[in-house]
Amino acid sequence: MPIHRDRVRFNVGGRIFETTSTTLANAGHDSMFRAMLDENWNLPMGGPNEHFIDRNPACFSVLLDLLRTCELHIPPNMPEKLLYREASYYGLLDHVRAAKWGQFDGNRLRLANSVAGRAPGDGTAIRAGPDGGCCVAHGSMVHVYDWMLQEHPPINLDYKRVNDIGYIDSENIVVSVCERPGRGDSGMGVFSSSTGDLRHRFQVSHDNQFKSFTAGALSFSSDYDRIFASCRGRSNEYGIGVWDQETGKQVDFFYESPDWSLGDAVKLQWLNGNNCLMVATFFPRKDNCYISVLDFREKSMVWSWSDRGAPRTLNEKPVVDAIVMEENGSICVVNQYDDLGFMDLRINGGFGGVVRWSSRSRLMKENMPDELCYPKLAAHGGQLFSSMNDSISVFCGPDWVLTSRLKRSYGGSICDFSIGGDRLFALHSEENVFDVWETQSSSII
């Protein structure tokens with residue numbers, strides 16, 4: 001893309017600015033400024049060699065300084081929402097986000113905000129968006145927030161209970177729900193994150209006939225070209241459905257075997273390095289935990305484990321969550337006592353396999369809350385996260401040593417948390433409040 005001149009002059013709302021094409025190039029390929037470097041750029045001229053933009057000049061000054069210094073300095077009298085609106089117009093929101101908080105690091109997270117719930121009843125799930133926003137499921141409603149934590153119109157599922165939610169991208173959210181008897185409604189749909197409108201329904205077909213189904217846990221392939229969901233038909237047929245996220249067409253279906261439950265799964269995880277899918281069902285959904293790894297290319301189950309029939313010690317509780325640690329070739333599990341356990345993916349677990357438990361009860365001695373919330377797991381950037389009561393523990397290193405804890409007393413126990421867009425979102429069981437944790441930026445705000 002040719003740079004045909006170095007000095008560039010703007011008239012923004014009557015105020016004159018002068019900069020260089022080198023500075024404008026810092027805006028990136030998706031910005032309006034980068035497009036100006038193209039010889040075919042057609043921005044109106046406001047005078048000799050001067051480009052006119054009918055926008056807020058004070059915000060333009062802040063954003064131009066951001067391109068020059070990579071630091072964000074917001075004047076005290078400037079509403080941040082106004083600056084974000086102008087940054088969106090110029091295509092600079094990513095630059096503002098990068099300057100406002102640093103790259104995600106679990107050991108340097110600080111509490112940036114607490115957002116009160118917008119619906120009665122308990123929140124059931126929270127999911128981080130790729131752009132720093134999030135969505136929260138409350139019964140039959142999904143409340144959506146952008147990265148400024150401004151709430152968009154909610155997604156209303158018409159009294160159907162939401163089972164799981166997930167982002168295809170910043171503009172599209174997939175929601176899985178219970179199918180309503182007699183209505184024939186699809187168990188999954190794609191909704192606009194900005195308007196809450198339904199864009200597409202996913203269907204399951206068998207023998208050229210569409211089947212009603214209840215969709216459960218969701219997962220997405222690394223490049224977001226496939227959507228996976230656990231499915232249950234009206235006659236309790238279980239399996240894992242696969243859809244193309246662009247066309248919405250069903251591209252595959254993995255049926256359960258007589259000895260293994262797949263459709264009742266409460267967690268799916270796509271394994272980028274192995275092109276496989278982890279499928280798991282935990283207590284209290286069932287008395288026993290089932291974890292399997294499916295290879296859709298070979299139509300086979302390449303790894304499996306269950307605690308069915310396995311002897312338990314007096315203090316050992318059932319597994320309540322699991323996550324694959326691909327870089328370590330292991331699966332991490334957690335029980336009700338918040339004990340971590342590890343299994344080697346290179347060795348098939350089989351029924352009654354042994355988990356190498358690493359008890360943390362000495363570190364976690366607290367009074368149990370009135371409302372029980374089972375621990376949840378997440379992994380990000382080589383760090384392991386585990387929630388318990390009203391805190392989240394961070395573990396690092398080859399031996400997964402506890403290095404920090406994120407603790408917040410307001411809102412009660414944490415019922416779910418999610419990491420994405422360089423933020424951690426924690427949903428509390430009481431008052432539907434969710435916390436937003438960010439890494440402190442080195443820039444001066």
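Modeller: In this predicted model, helix H3 passes helix H4 in a right-handed crossing. H3 covers residues 57-69 and H4 covers residues 80-90. Two packed helices are described by the angle between their axes and by the distance between those axes. Here the axes come within 10 Å and cross at roughly 70 degrees. Angles from 65 to 115 degrees count as roughly perpendicular, and H3 and H4 are therefore roughly perpendicular to each other.

The residues that meet can be listed from each side. H3 contributes Cys59, Phe60, Val62 and Leu63, while H4 contributes Leu82, Leu83, Glu86, Ala87 and Tyr90. By class, this contact has eight nonpolar residues, one charged residue and no polar ones.

The pair belongs to a protein chain with five helices and 35 strands. Of the 445 residues in the chain, 52% are buried. Among contacts with a separation of 6 or more, 50% join residues 24 or more positions apart. The accessible surface comes to about 20,800 Å², and carbon and sulfur atoms account for 46% of that area.

Ser330 lies in strand S25, which spans residues 330-335. Its relative accessibility is 9%, and because buried means under 20%, Ser330 counts as buried. Leaving aside neighbours within four places in sequence, Ser330 is in contact with Ile323, Val324, Met325, Phe342, Met343 and Leu345.

Technical notes
Residues are numbered from 1 along each chain as its sequence is written. This is a predicted model: local features need pLDDT of at least 70, side-chain atom pairs count only at pLDDT 80 or more; totals for chains, interfaces and linings use all residues. Side-chain values use heavy atoms; hydrogens and water are left out. Helices (H or I, at least four residues) and strands (E, at least two) are DSSP runs, numbered from the N terminus. Buried means under 20% relative accessible area, exposed over 50%, partly exposed in between (1.4 Å probe, protein chains only). Contact means heavy atoms within 4.5 Å. Accessible areas come from the Shrake-Rupley method with a 1.4 Å probe; for residues, only the protein chains shown count as cover. Axes are lines fitted to C-alpha atoms, for helices over the stretch in contact, and angles run from 0 to 180 degrees between N-to-C directions. Angles under 35 degrees count as roughly parallel, over 145 as roughly antiparallel, 65 to 115 as roughly perpendicular and the rest as oblique. A crossing is left-handed if the near helix is turned anticlockwise from the far one by less than a right angle, and right-handed if clockwise. Ala, Val, Leu, Ile, Met, Phe, Trp, Tyr, Cys and Pro count as nonpolar, Asp, Glu, Lys and Arg as charged, and the others, Gly among them, as polar.
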